Every structure is written in structure tokens, then in C-alpha cells.
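Student: Could you walk me through a few packing and charge details here? I'd like to see the coordinates alongside.

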Amino acid sequence: MSIIGAEDEDFENDLTDVVDDQCPCFNNIDQLKDRPAHLLVFMQHVILQFDPAPLVRPSTSIIPLFSLFIINSTTLCFAFHRQKRMMGMTPNEAELIDVESHYPTDRIPMEMKEKSVAENLLDKMSETHQSIFTAVAFYMKHLGVKTRAVDSKKSRGGFFRRQLVKVSFHHLCRRITHAAFILFEGPVLAAEGPGQSPTSPSPQLEEMEPGLLELEQDPPNWRELASPEALSSLGKKETKRQEVINELFATEHAHVRMLSVLQMIFSKPLEREGLLTANELAAIFPNLDEIIDMHHNFYENLKKLRLDDGFIVKSISTTMLNRFGGTEGEWFQKLTARFCSHQSWALDQIKSRQKKEARFNAFIQEAESRPQCRRLQLKDIIPIEMQRLTKYPLLLENIAKNTDNPTEKERIHQSAECCRKILNHVNEEVKLMENLLTLKDYQRRLDTSGLKPSNELYTEYKSIDLTQKKMLYEGPVTWRVTKEKAIDVQCVLLGDLLVLLQKQDDKMVLKCQSKSNIAMQEGKQMLSPIIKLDSVFLREVATDRKAFYVIFTWDSGAQIYELVAQSVGERKIWLIIGWIVIGIVCVHSWTEVIKTAVDDLKKSGAPMRLTLPPGSGGAPFSPSAYVSACATACIYSLPAKVHPSPNI
């Protein structure tokens, strides 16, 4: 009997069937193909154990590469395991243990966990083994594994666009992929070339972006991760500060998760199934990919901050200012404003499609039933970006409230102010878009035939285009033409006009009214449904707390409109907004009058005489009232759609 040495005994142990730390998938190439994380570790090991020159130098013959891969797969896997045991560990063993110890659930099946870990390993490879990274990443993409190192690079020509692998790696990618196909897919597919197989995997509906799969699980609380000694040293105020920072991190985690659901459960499958075109999706979910990237990067920065500080964050102001201040904050504002401003239109489009198209409706209902949606419907998910923007100032102010360091406190306040500016801008864009959509709807349904009794009005307004105006406010009111005659109308306040639209079936009618049948027949004393604001002032109706007068004046007379709001508070809103807008319009008229008078004075040297604009003389609207209205307007800064509180 031969003497058995220590090395032989170890080798014999390697041959035994029962090995506690051996993953079964390394015993068989076919099994390995279905385990992306394990396959990636295996490929990296094999390539680095041999001369990688054929991979990284395109001029080198590809034959050595084939020699490398076309060997007995079982022997290769066995050699991998033996070297693992000789070294005492596998490269990236911790990651593989993480996969193996994962308990599959409906929400996070094993396939999702594998892809998530594989992507993290690819990102690590991009930093440590750049020479082979692109080639391996190219092949792993065939298995449905992506990487931020390749896919998240952006340029700002217009909107961000995803960039592909650099041209300098093109031949490298083709060579490693071709060889990998020989080993893992067989010579037939290799002969066809990558990308030509009828068997290329297509993403499933529930597939998530690998880098976002980890977000499916809620992160542990900071108290569970920080050391007991560090926790015991914290005072009450600092503990509260850490709680709010943890809330910011956890809610950002949840937000990125829901944005990824919007992308992977709805947007991409809708295009893949041919239910919506790329252009339609770009209008419904504008800049969705870029918004996910921004929030994901922000989340990763918060995550790194926690890790670097041992889960008790020392300073957070720099991370906040980098996100919400400066040029990055401006870009964040631009993208979020565009996305949020389209949400009302997007909801209308989806609702309309669901009513008209049974297949589209079935898809949406099936997608909403997915566990990733967490019992939320699409109409609940689309507004999440707007909702998130409202949370940032509150969270940051709460952090500042519990921060003792004066410099840190001030910088956090600055971050909160940046967030408020972004939120205000987005609100304005949302209101502008909503108002424009409303005017487009009114214009589509507009009927001007009711202006015909007045030739002058019909000639002037028969071709009016409401979409060319800026809508400042609107609402239902009752137009009291006489004591016996009252009409329900939609009152629309534009930048220079007050328009009274009468609903008839599906139409919005502009119709002249008269206080008597005789006047109607003679075409006299007609009340126009369109009132120019440069000759108007407002008055409360003393006998009705909900009513107000709109008095339209000109050189030879006046017309009085009595409008009744739906509540006392609503009347206050109409009066406040009305005076602001009228004040601005009239101040503009005064400016023109004064400018004309000054020009005349310069030319003639005669004393200045002002010719007052129509409707401006007398008590109803004195120059002091103009100044007051102008000051009020400056305070309000005339937002796109003013919403004063009813209790003003």
C-alpha cells in the first residue's frame, strides 16, 4: 500500500460526495448557466487563471481563447472547487453565501436575488478588473444581468440618454461573447453569433432592474446596525436627529423602489407588449429613467454616509446641498417639473385607454395585482414623485431642529430652502399644465354661435383661441341676468379677459344675454359673455354674501354683471384674485398713459395732462387703488394659478 501524504489526504477528501461548503451548481455547467452570480464568479476565476491576452488585445488570435473554454466542463468546475478549498475561500465567497442563504419568496424569488448580487459583483469587477469587465458584462447581459457601470452613464444633450459599451471595447466584447457562447450555449449558437438566437431570453413582467432588487427588502433600522457603545453615548436630542435621518434614508429607499415598479412593471412591459409606443410612454412617463437614476444615486450617497459613519451620521448637510443645491438642484428641478406636470394628463390618458381597449385594461389590472405594487393602483403610483418633493423640506427642517452644530444647522436650513424652491417651481409647472389642459378642453368644445346677436362681438371673438391665454382661476358661478333669470356658467379668469361659458350638452357656449326680450330682438343692451379687464372693477353685493358685481365701464356708460359664487369663501377668492389681476391690467394701462404724456411733454414742453384709461376715473378705482393693487400683486408675484385660503 502506498504511503498517503497530507496533500493526498486532502485531495481524497475533495473527491468525497459530501462536502458542506460545495455549491451543487459548480458540478454542472448547465446548472451554472441558471445561476448568474455563481457563473460570474466562475468566469472571472477561469479568465484570470489563464493568459487573458486574447481577451484584451483584439489583434491576438482567438484560438487560445477557444482552447481555454473548450475543455471538459466538469473538470473545470472541479478544479475551481479544489482551488477554493486549497485557498480556504472562494473570491467573493461572502456574496455567494448571501445568495445561498436567501429564502425565496413571491416578492423576491431566488432568480431576482441572483441577478441583484451578480450586478453588484459586476460593479466591483469594473473597479478591479477593467480589462475583462466589459467583455464579461456583455455576456452577462445575455442572461438578463445589467450593470450601472455600463448602463447609467449619461450625457446632457437635451435629456439624458443611456450609453452603450465604448467602441474601443467592441472587438473585446465580441470575442469573449463568442467564446462564452461556445462553452455555455453550444457551437450552433456560436456559429450564428450572439444576438441571432431565437432563444435569447426576454424579460419577464416581474423582472426588476438588478441594481434595484435589493430595494425590495426594507432596510434594517439604524439602531440594529450601530454599535451598543455608540448608541449608549447618544443624548435624547441626537437620538431624535438620527431617527429623522433614518426616516429620510428609509423613505428614499421606498421611493426608489416604487419608481422602479413604475418602470419595470408598467412602462417597459407596456412598450414590449406593443400597448404603447415609445413616444407615448415618453409623454406619459417623461424622464422616468433619469429620475430613477437621480433618486437611486441620492439613496446610494445616503447609504454610503451611514456606512462610513457606523450608522450614526455625523454630518448630512453636504450630501443634501449636493443633491438639492447648485446646478444639480437645477437639473433635479427641471426633470421633476416635467415629470410631475404631465401626471394629470397621464392619468387621463391611461383612464381613457382602459375604457376603450380591453387588452390594455387587462394588462393594467394584471400588473396592479403584482406583489411589487403593494396593493397600489397605477393612479396611486404616478403621483409619488410629487408627493416625495413635499416631504424633503419637512424632513430637513426636522433634522435641523435637532442639530446643535451652528454651521451644520445653517447648511441644512439652506438645503430645506432649496427643496422648497424646487417644490414651488414644480407646483407652478403643474398648475400651468393643468390650466393649459383645461383651456384645451374648453377650446375643443367651444361654440361661439351665441355671439351672433351682436355683430361687433361675433366679429371680434368668433375665432378666439383660449389656449393662447393664461388661465389664472376658474370656477362655477351663477350669472343673475335679472331677478327672474339666472344661468349657471363656468367663470374663467384669463390674463386680460373674464369669460362666462355656458355648458350645453358637451359644448361650452359663449352666449350673449339680455335683460329684456325687446332688447334682444333689437340687438341692444346685450350683455357679452366676454369682459375686458382693462375697464372693469368689482364690488360686493350688500344683500347677498355670496354675490359680487363685475362693473364694466366705458366713456358713455356701464354694464353691471351680478355673479354668485358657491360659498362666502369662494366669493372672497374671486374678489381677491380679481382685484389683483385688474390692478395689474390697469397699472399697465396707467404706465402706457404716463409714458405717452411724458413723451408729449418732452416734445412740446407743455404742462402734462393725463387722459385716463377707460373705466379708471372716479371713486370706483382711484390711482391709489391702482397702487394698492399693484403692491398686492407684487407680494403675490402672480403665480400661474392663485389659491388663497378661504379664510383670508
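Tutor: Here we go through some helices and salt bridges.

Student: Fine, but what kind of model is this, and how are residues numbered?

Tutor: This is a predicted model, where local features need pLDDT of at least 70, side-chain atom pairs count only at pLDDT 80 or more, and totals for chains, interfaces and linings use all residues. Residues are numbered from 1 along each chain as its sequence is written, and side-chain values use heavy atoms, with hydrogens and water left out.

Student: Which residues of helix H21 are buried?

Tutor: In H21 (residues 358–368), Phe-360, Phe-363, Ile-364, Ala-367 and Glu-368 are buried. Buried means under 20% relative accessible area, exposed over 50%, and partly exposed in between (1.4 Å probe, protein chains only). Helices are DSSP runs (H or I, at least four residues), numbered from the N terminus.

Student: Why do they count as being on the same side of H21?

Tutor: They cover an arc of only 125° around the axis, which puts them on the same side. The arc is taken from the directions from the helix axis to the C-beta atoms. On the other side of H21, Ala-358 and Arg-359 are exposed.

Student: What do the buried residues of H21 pack against?

Tutor: Helix H15 (236–272), helix H20 (343–356) and helix H22 (378–381). Contact here means heavy atoms within 4.5 Å.

Student: Switching to charges, how many salt bridges are there?

Tutor: The count comes to 27 salt bridges, each being a side-chain nitrogen of Lys or Arg within 4 Å of a carboxyl oxygen of Asp or Glu.

Student: What does Arg-35 pair with?

Tutor: Arg-35 forms a salt bridge with Glu-114, with the closest N and O atoms 2.5 Å apart. The pair links distant parts of the chain, 79 residues apart: Arg-35 is in the loop between helix H2 (29–33) and helix H3 (36–49), while Glu-114 is in helix H8.

Student: Are those two buried or exposed?

Tutor: Arg-35 counts as buried at 19% relative accessibility, and Glu-114 counts as buried at 1%. Leaving out residues up to four places away in sequence, Glu-114 touches Arg-35, Pro-36, Ala-37, His-38 and Val-99.

Student: And which residue does Glu-243 bridge to?

Tutor: Glu-243 forms a salt bridge with Arg-223, the closest N and O atoms being 2.8 Å apart. Glu-243 lies in helix H15 and Arg-223 in helix H13 (residues 222–225), so the pair ties together parts that are 20 residues apart in sequence. Glu-243 is partly exposed at 26% relative accessibility, and Arg-223 is partly exposed at 41%.

Terms used
Helix = DSSP H or I, 4+ residues; strand = E, 2+ residues; numbered from the N terminus.
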